[in-house]
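Trainee: I have not looked at this one before. Please walk me through it.

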Amino acid sequence: MKVEGFPSKSTISAIKRGFQSQCVSNVKLDGEDFVSKLLDRRWTLPHPDAKIHQVMLSTSKVSQPGRAFSDVSFFNKINPSFSHGLMDKDDREPSFFIVRDDLLHPLINGNKARKLDGLIPLVEDHSVTHVVTCGGCQSAHAAAVAVSCSERGLKSHLLLRGEQPEILTGYNLMSTIYGNVTYVPRSLYANREKMLKSHADYLAGSSGNVIWFDDILEASLSENDGAMSFLQKDAYRSDHPRKIVIVNEGAGDVVALLGLIRLVQYLSQNHILGKERPLKLVVDAGTGTTAVGLGLGAKCLGLPWEVTAVMLADTIDGYRRQEKRLISDFKRHFGLQIDHCFDEIDRGLVHWVERCHPRKFGNVLEGEVEACQHIAQQTGILVDPVYTLAAWEMSTILREQEAEGGATVVMLHTGGTLGMFGLAQRYKSYFSNLKAGLSN
């Protein structure tokens with residue numbers, strides 16, 4: 001059963017037009033024309049819009065690296081329309097802006113929604129019936145895939161690392177409700193490619209067909225594929241009732257960049273962030289894909305924006321390798337017509353920075369849960385201690401460093417708030433401290 005209101009599978013004539021629009025021509029294009037051509041495709045999100053709020057900081061109580069957030073005063077000025085642009089922002093107090101991607105969808109929000117924005121329509125167009133992916137026990141990616149698939153009548157199969165928790169909660173609960181969950185021992189999970197392929201082959205049996213999403217992307221970009229191949233695919237589907245696609249962990253592949261570039265194009269409109277004002281765009285970095293997508297969008301559109309990514313899960317060398325890989329894949333798939341935009345790209349698109357208080361990925365330090373509570377009670381914005389608190393901290397620091405008239409600081413809220421439920425199980429003592437309330 002399909003939920004009404006989402007894009008249905010294209011007819012053959014619509015597919016023909018889709019191929020013409022999704023394949024960027026060989027003519028050299030300027031940045032804006034290239035991006036417009038690149039983004040002329042079907043999307044998961046009906047619109048790229050996002051609300052933007054202004055967060056005011058007290059001039060007498062601003063954050064310093066290492067200082068507790070209880071010493072910082074915030075105020076959320078809700079201004080989602082920006083009808084006159086950021087030039088009319090309130091400068092009476094130091095402030096930064098926050099793009100509220102956490103509000104995109106009740107369950108599929110933040111960068112997960114952006115990464116799947118260009119992926120899900122391609123899965124639909126290729127008559128896929130089952131999607132296999134993987135993630136940690138509280139994987140926001142796995143839950144997003146499960147919900148997206150169920151909304152479109154597809155079956156999702158989620159391989160989650162480790163053991164089933166005693167109490168299902170947060171993203172783990174959503175994955176279980178919307179998808180088909182299998183828990184995989186860590187020793188087997190270490191070889192993700194083999195694990196995913198083995199499970200997909202098991203699901204396919206003797207009559208199904210297994211493909212990797214990369215194969216779908218290659219087919220969708222082939223100028224010689226044409227509508228006839230889709231007729232053949234539809235016929236093939238009748239002979240193979242199960243068509244299973246494998247999506248990599250975190251959807252951290254080149255197609256995920258498209259949704260972030262779409263967001264940058266939206267934000268760069270004159271009545272929103274504009275194209276002229278220097279910006280420091282701050283984001284937390286798990287795989288780093290979101291940061292690279294934002295950087296590519298800014299580079300292609302020639303924007304004076306610097307993307308600052310707070311490293312959470314890897315070393316700076318690891319993130320730079322990921323950045324180079326994604327840029328190389330993007331140029332190979334999409335960027336042949338815009339080489340001039342990648343001059344001096346070896347210097348990198350993203351400014352990778354350490355978190356204020358580095359730690360092993362996934363760990364929460366004492367006082368950070370209370371910091372999230374403090375922010376929520378003063379601004380109405382929920383951040384989590386693993387991901388978005390890191391971006392919030394960096395945004396306050398960068399705002400202090402920017403003199404009056406300097407670059408505007410903008411934070412991208414990457415969602416992930418359902419992960420708080422899983423953290424409450426793991427860090428019971430930290431969350432029990434909330435019972436007394438902030439006023440005490």
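Mentor: Helices α5 and α6 are roughly parallel to each other (under 35 degrees; over 145 is roughly antiparallel, 65 to 115 roughly perpendicular, the rest oblique). The model is predicted, so local features need pLDDT of at least 70 and side-chain atom pairs 80 or more, while totals for chains, interfaces and linings use all residues. Residues are numbered from 1 along each chain as its sequence is written, and side-chain values use heavy atoms, without hydrogens and water.

Trainee: At what angle do the axes of α5 and α6 cross?

Mentor: The axes of α5 (residues 140-151) and α6 (residues 170-178) cross at roughly 30 degrees and come within 8 Å. Axes are lines fitted to C-alpha atoms, for helices over the stretch in contact, and angles run from 0 to 180 degrees between N-to-C directions. The crossing of α5 past α6 is left-handed, meaning that the near helix is turned anticlockwise from the far one by less than a right angle; clockwise is right-handed.

Trainee: Which residues in α5 and α6 meet?

Mentor: From α5 come Ala-140, Ala-142, Ala-143, Ala-146, Val-147 and Ser-150, and from α6 Tyr-171, Met-174, Ser-175 and Tyr-178. Contact means heavy atoms within 4.5 Å. The α5 and α6 contact has eight nonpolar, two polar and no charged residues. Nonpolar covers Ala, Val, Leu, Ile, Met, Phe, Trp, Tyr, Cys and Pro; charged covers Asp, Glu, Lys and Arg; the others, Gly among them, are polar.

Trainee: Next, how many helices and strands are there in the chain?

Mentor: The chain has 17 helices and twelve strands. These are DSSP runs numbered from the N terminus: helices are H or I of at least four residues, strands E of at least two. Of the 440 residues, 57% count as buried (under 20% relative accessible area; over 50% is exposed, in between partly exposed; 1.4 Å probe, protein chains only).

Trainee: What about α12 and α13, how do their axes cross?

Mentor: Axes of α12 (residues 289-300) and α13 (residues 316-333) cross at roughly 50 degrees and come within 10 Å, so α12 and α13 are oblique to each other. The crossing of α12 past α13 is right-handed. By class, the residues of the α12 and α13 contact are six nonpolar, two polar and one charged.

Trainee: And how far apart are the axes of α2 and α11?

Mentor: They are 11 Å apart, with α2 (residues 31-38) and α11 (residues 256-267) packing at an angle of about 130 degrees. That makes α2 oblique to α11. Val-35, Ser-36 and Leu-38 in α2 meet Leu-258, Ile-261 and Gln-265 in α11.

Trainee: Where is Ser-268?

Mentor: Ser-268 sits in the loop between α11 and β9 (279-285). With a relative accessible area of 2%, Ser-268 is buried. A polar atom of the Ser-268 side chain lies 2.9 Å from the backbone oxygen of Gln-265. Leaving aside neighbours within four places in sequence, the contacts of Ser-268 include Leu-303 and Trp-305.

Trainee: Is Arg-359 buried or exposed?

Mentor: Arg-359 counts as buried, at 19% relative accessibility. Arg-359 is in the loop between β11 (350-354) and α14 (368-379). The Arg-359 side chain makes a polar contact with the side chain of Glu-368 at 2.6 Å. A polar contact is a pair of N or O atoms within 3.5 Å; within protein, one must be able to donate a hydrogen and the other to accept it, and residues adjacent in sequence count only if both atoms are side-chain atoms.
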